[in-house]
Amino acid sequence: MKFGVIRFPGSCDEVDALLACKRFAEGELLWHGDRDLRGADAIVIPGGFSYGDYLRAGAIARFSPVMEAVREFALDGGPVLGICNGFQVLCEAGLLPGALLPNTSLRFVCRQVELVVENPNTPFTRACDEGDRLSVPVKHTTGRYYATEQALDELESDGHVLLRYAEGQNPNGSARDIAGVANSQKNVFGLMPHPEHAVDPLTGSADGGKLFESLVAHVEALAPA
Amino acid sequence: MKARVLIRPKEGILDPQGQTVERALPALGFEGVTDVRVGRMVELEVPDASRISEMCEKLLANPLIEDYEILVVER
């Protein structure tokens, strides 16, 4: 099982993401100008400031050659995980519903938060149980999840909200404490917190590893025996 | 021709920048100012204005969260 981690100009968490992937499977960095996903079984779009986040966070990255390949991969059912800027890119690309707005505080937030697993029946959360609490850091300025009320109702009723900030810990003003959402097929998932920074107890928590572990289990369950 | 696109947060979307500016104004003696919204302006030189709204829909604005207004300033 191999992860492909995309590197845009301005990405800054791709190396941590790759190291996190390599704890659970193989991994390779993919360049933004390259259309070839090199046989990756799952794609990670990492955090950072792709293309300087000019115009709006994630707005330019969605037009990169690699994103054309990611779009095809996703439409074909391939699992795609977007972290922080990766979440913003997926929303801008229309692969995920909603948008990320500046934090209500207008401040950069950097802190450990607790996330509650809302839906464990997806490729990204299958190593968790419903109600599990994961301790994972956030670090962003533009992380306030927004969708129309009607869209939020649909997301909630169809189990698209995979992770929520624990009560009282919403760091950015996100609607309904949403920390991460999936598309309707549940094969594309974006979240603002950084699971790749929480894979070693040395840094305070290894809970983020659950997402990578889930993806590996998902891909291996699909592979022919 | 030269055009300007004004982009602002959609009505109903919380605009903390606008709120901050609104709270700062009375401190300088500007009383009674409400509904401050902070957006951005994109200035463009284009061969013709007909495709600007398409540009807005696809790139310059995010129609889910932003409204845009196109002004032709010089023909």
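Student: What order do the nine strands of the open sheet in chain A take?

Tutor: The order is β2-β1-β3-β4-β11-β10-β9-β6-β7 (chain A), and the pairing is mixed. Strands here are DSSP runs of E, at least two residues, while helices are runs of H or I, at least four residues, each numbered from the N terminus. Two strands pair if DSSP finds at least two bridges between them.

Student: Before we go on, where does the model come from?

Tutor: This is a predicted model: local features need pLDDT of at least 70, side-chain atom pairs count only at pLDDT 80 or more, and totals for chains, interfaces and linings use all residues. Residues are numbered from 1 along each chain as its sequence is written, with chains lettered from A and ligands numbered from 1 in the order in which they are written.

Student: Thanks! Back to the sheet: which strands stand at the edges?

Tutor: β2 (26-31) and β7 (133-140) of chain A do; each has a single partner strand, so one side of each has no neighbour in the sheet. From one strand to the next, the twist averages 25°; angles run from 0 to 180 degrees between N-to-C directions, with axes fitted to C-alpha atoms, for helices over the stretch in contact.

Student: And how many bridges join β1 to β2(A)?

Tutor: Six, and β1 (residues 2-7) of chain A runs parallel to β2(A). Lys2(A), for instance, has Glu26(A) as its bridge partner in β2(A).

Student: Which helix packs on the sheet?

Tutor: α2(A) does, touching β1, β2, β3 (42-45), β4 (80-83) and β11 (188-191) of chain A. Its direction makes about 130° with that of β4(A).

Student: New topic: how many residues has the largest nonpolar core?

Tutor: 68 residues, and those with the most contacts inside it are Ile43(A), Val44(A), Leu81(A) and Leu90(A). Such a core is a set of buried Ala, Val, Leu, Ile, Met, Phe, Trp, Tyr and Cys residues joined through C-beta atoms within 7 Å. Helix α2 (residues 65-75) of chain A gives the largest share of this core, six residues.

Student: What is Leu90(A) in contact with?

Tutor: Leaving aside neighbours within four places in sequence, its partners include Ile45(A), Leu95(A) and Val188(A). Contact means C-beta atoms, placed from the backbone, within 7 Å.

How values were computed: A residue is buried if 20 or more other C-beta atoms lie within 10 Å of its own, exposed if 12 or fewer, and partly exposed in between; C-beta atoms are placed from the backbone. Two residues are in contact if their C-beta atoms, placed from the backbone, lie within 7 Å.
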